[in-house]
Amino acid sequence: LIEADPRNRECLFPYLNGQDLNAQPDHHSTRWAINFFDWPLERAEKYPDLIQIVREKVKPERDKLKRERRRERWWIYGENTPGLYRAIKLLRRVLLRARVSEYHMLTFVPKSQVASEQVVVFAFDDYFHLALLQSNLHEAWVWKNASSLESRNRYTPTACFETFPFPPAPSREARAD
């Protein structure tokens, strides 16, 4: 699609799911997503190859939905998450974790990737939060507060992240350069 029209790059993004995070050593995506953000249909139609794919593959499914907003705005990727985009706007990367996994593993990825609903996005790009959220302390908290299925847990931000007793972040003066 990019070879056919280089402008398509503006709307094509690597799509990461939990399996990509846990199975790919470099955490690269194995799929791509078309994302027209919150654009009006007229703007999305300026990318004819992409809007045609969405019209053929997405619109028929959206036409069946009860939620009027998703049915009427069928070209908009999934749920519009303006709060997430605002939170990561100034970051160069984000932390991700598979929502359901037997592994407690977080990783940094470029913020330009589209994360599956089954991936938890943490709006941090620093090593303090990586170390804290990857720690055995947080992992024990997750296993205590998350629901589980067989050997896997389901990381729920409301139960695992929002309730976690975060220590204060070190001050800038206390950090080693």
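Predicted model: local features only at pLDDT ≥ 70, side-chain atom pairs only at ≥ 80, totals over all residues.
**View 1. Strand 3 (residues 93-98) and strand 5 are paired in the antiparallel sense.** Five bridges connect strand 3 and strand 5. Among the residues involved, Leu 96 has Thr 107 in strand 5 as its bridge partner. In general, the strands of a sheet pair through backbone hydrogen bonds, in either a parallel or an antiparallel sense.

View 2. Strand 1 and strand 6 pair in the parallel sense over two bridges. Tyr 15 stands opposite Val 114 in strand 6.

**View 3. Phe 13 is a buried residue of strand 1 (residues 12-16).** The relative accessibility of Phe 13 is 15%, and the residue counts as buried because this value is under the 20% cut-off. Beyond its neighbours within four places in sequence, Phe 13 is in contact with Arg 31, Trp 32, Ala 33, Asn 35, Phe 37, Ser 112 and Val 114. The C-alpha atoms of Phe 13 and Ala 115 are separated by 9.7 Å, although these two residues are 102 residues apart along the chain.

**View 4. Helix 3 (residues 48-57) carries buried residues on one side.** Leu 50, Ile 51 and Val 54 are buried in helix 3. These residues cover an arc of only 95° around the axis, which means that they lie on the same side of helix 3. Strand 1, strand 2, helix 2 and helix 4 (59-62) are among the elements that cover the buried residues of helix 3. On the other side of the helix, Glu 56 and Lys 57 are exposed.

**View 5. His 27 adopts a positive phi in a loop.** The phi of His 27 is about 60°, although this residue is not a glycine. Most residues other than glycine have a negative phi. His 27 is found in the loop between helix 1 (18-23) and strand 2 (31-34). The residue is buried, its relative accessible area being 15%.

**View 6. Phe 37 also has a positive phi, in the loop between strand 2 and helix 2 (41-44).** The value for Phe 37 is near 50°, in a residue other than glycine. At 29% relative accessibility, Phe 37 counts as partly exposed, because this class lies between the limits of 20% for buried and 50% for exposed residues. Phe 37 is one of the residues in contact with Phe 13, itself part of strand 1.

Definitions and conventions: Residues numbered from 1 in each chain as written. Heavy atoms only, no water. Helix = DSSP H or I, 4+ residues; strand = E, 2+ residues; numbered from the N terminus. Buried < 20%, exposed > 50% of the residue type's maximum accessible area, 1.4 Å probe, protein only. Contact = heavy atoms within 4.5 Å. Arc of directions from axis to C-beta. Pairing = 2+ DSSP bridges.
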